[in-house]
Amino acid sequence: MTERLIDIVALPSRWQAVAPGGSVAGVAGLRPIMPFEYEDTPELSLYVEPQWRRRGIGSRLLTAVRAQSAEPRLVTDVVAGSPGEAFCLRHGFRRVRSQRHDLLTYCDVHRAWLGELVDAEHPGYRLTHWTGDLPSTARVEELLRSPSRPGNAVLTAADAGGDLAAYAVAVVDLPRARQYGPAVLPGHRGRRLGLWVNAALIQRLREVHPRVDEIETAGAEDDPCLPAREHLGFRPVRRTRLYEL
Ligand SMILES: CC(C)(COP(=O)(O)OP(=O)(O)OC[C@H]1O[C@@H](n2cnc3c(N)ncnc32)[C@H](O)[C@@H]1OP(=O)(O)O)[C@@H](O)C(=O)NCCC(=O)NCCS
């Protein structure tokens, strides 16, 4: 059944399905799966309130996102066997890979040990940080050159003489932060830079946002940075499937 009384309303970077009384029956949004230019496909989030499901509202929200955003490609993360997966298959999404979600809890992090990792010498490389709200489009190098300001994101990078080598980003949504990366650029791999920038990000994030208790991150099961994250204390909490449209 299609629910014609529902209005689909476009807001900055999200869409709402609004029921006749004004209540919100569903929402859709796009966010970067990994900020910046290295993987620029956005991630679709889509949620319909349980009492409004199977009335075509999710499909109408998806149609609005496709019609009103310029993104040629998007991905979404769903639990195996869930309504979300059935919805993706119905709409022609293609399964890309399995994803592992990991969580780090600050109370499990030994501060002195973390400090030693951050202070470890990496000859030729230097750590830098930036804080602020992530703009919708920006390059890591540009942000690192711009002044830090109050905001919900912390970016930590390693460079070699100004040449970006590795970075990791965390976006705060209290009490958690969502971490992207670390990403180590070709030409700089095999030097434990992923572990270094990640350790520095964990340390810096807590200094800037002391109320963050946990950091969540998601990535492919064969993500080359997984051993570094495990070493830092990230533990798997759930597995999902990534679909692409
Ligand atoms: C996934 C979700 C957004 C679907 O919203 P919805 O408004 O119920 O979706 P629609 O009514 O437009 O469904 C379109 C089609 O998807 C499929 N589908 C949706 N839910 C399904 C379910 N529970 N079981 C089987 N098929 C389902 C069907 O083919 C359906 O068409 P039909 O009802 O004519 O058979 C909703 O279940 C939800 O919010 N789930 C939790 C969040 C989530 O998983 N989001 C990921 C989405 S990409």
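How many helices and how many strands are there in the chain?

1. **Overall content.** The chain holds six helices and 12 strands. The model is predicted, and every point below should be read with that in mind.

2. **Overall dimensions.** The C-alpha trace of the chain spans about 65 × 35 × 35 Å along its principal axes. A compact globule of 245 residues would have a radius of gyration near 18 Å; the chain has 20 Å, and the two values therefore agree. Of the 245 residues, 31% count as buried. Among the contacts in the chain with a separation of 6 or more, 63% are made by residues 24 or more positions apart.

3. **Helix H1.** Helix H1 comprises residues 57–68. Its 12 residues should span 16 Å at 1.5 Å a residue, and its end C-alpha atoms are 16 Å apart, so expectation and model agree. The buried residues in H1 are Ile 57, Gly 58, Arg 60, Leu 61, Leu 62 and Val 65. An α-helix has 3.6 residues a turn, so residues three or four places apart point the same way. Which elements do the buried residues of H1 pack against? Their partners are strand S1 (7–11), strand S2 (14–18), strand S3 (24–32), strand S4 (42–48) and helix H2 (83–90).

4. Is Ala 25 buried or exposed? Ala 25 counts as buried because it has 24 C-beta neighbours inside 10 Å, where a residue needs 20 or more to be called buried. Pro 32, by contrast, has 17 such neighbours inside 10 Å and therefore counts as partly exposed. Leaving aside residues up to four places away in sequence, Ala 25 touches Ile 6, Ala 17, Ala 19, Val 48, Glu 49, Trp 52 and Ile 57. One of these, Ile 57, is also among the buried residues of H1. Ala 25 and Asp 7 are 18 residues apart in sequence, and their C-alpha atoms are 9.6 Å apart in space. Pro 32 and Val 75 are 43 residues apart along the chain, with 9.8 Å between their C-alpha atoms.

5. **Strand S5.** The side chains alternate along S5. S5 runs antiparallel to strand S12 (residues 235–244), and four bridges join the two. Within this pairing, Val 75 stands opposite Glu 244 in S12.

6. **Helix H5.** The 16 residues of helix H5 (residues 193–208) should span 22 Å at 1.5 Å a residue; the end C-alpha atoms are 22 Å apart, so the helix agrees with expectation. H5 is mostly covered, with 12 of its 16 residues buried. The buried residues include Leu 193, Trp 196, Ala 200 and Arg 204.

7. **Backbone points to inspect.** Most residues other than glycine have a negative phi, and most peptide bonds are trans. The following places may be set beside that rule.
   - Arg 54 has a positive phi of about 60° although it is not a glycine. Arg 54 is found in the loop between S4 and H1 and is exposed, because 12 other C-beta atoms lie within 10 Å.
   - Arg 192 has a positive phi near 60°. Arg 192 lies in the loop between S10 and H5 and is partly exposed, because 16 other C-beta atoms lie within 10 Å.
   - The peptide bond from Leu 174 to Pro 175 is cis, with omega near 5°. Pro 175 lies in the loop between strand S9 (163–173) and strand S10 (176–184).
   - Gly 181 and Pro 182 are joined by a cis peptide bond with omega about 10°. Pro 182 lies in strand S10.

Conventions:
Residues are numbered from 1 along each chain as its sequence is written. This is a predicted model: local features need pLDDT of at least 70, side-chain atom pairs count only at pLDDT 80 or more; totals for chains, interfaces and linings use all residues. The expected span of a helix is 1.5 Å times one less than its number of residues. Two residues are in contact if their C-beta atoms, placed from the backbone, lie within 7 Å. The radius of gyration is taken over C-alpha atoms; the globule rule is 2.2 Å times the number of residues to the power 0.38. Two strands pair if DSSP finds at least two bridges between them.
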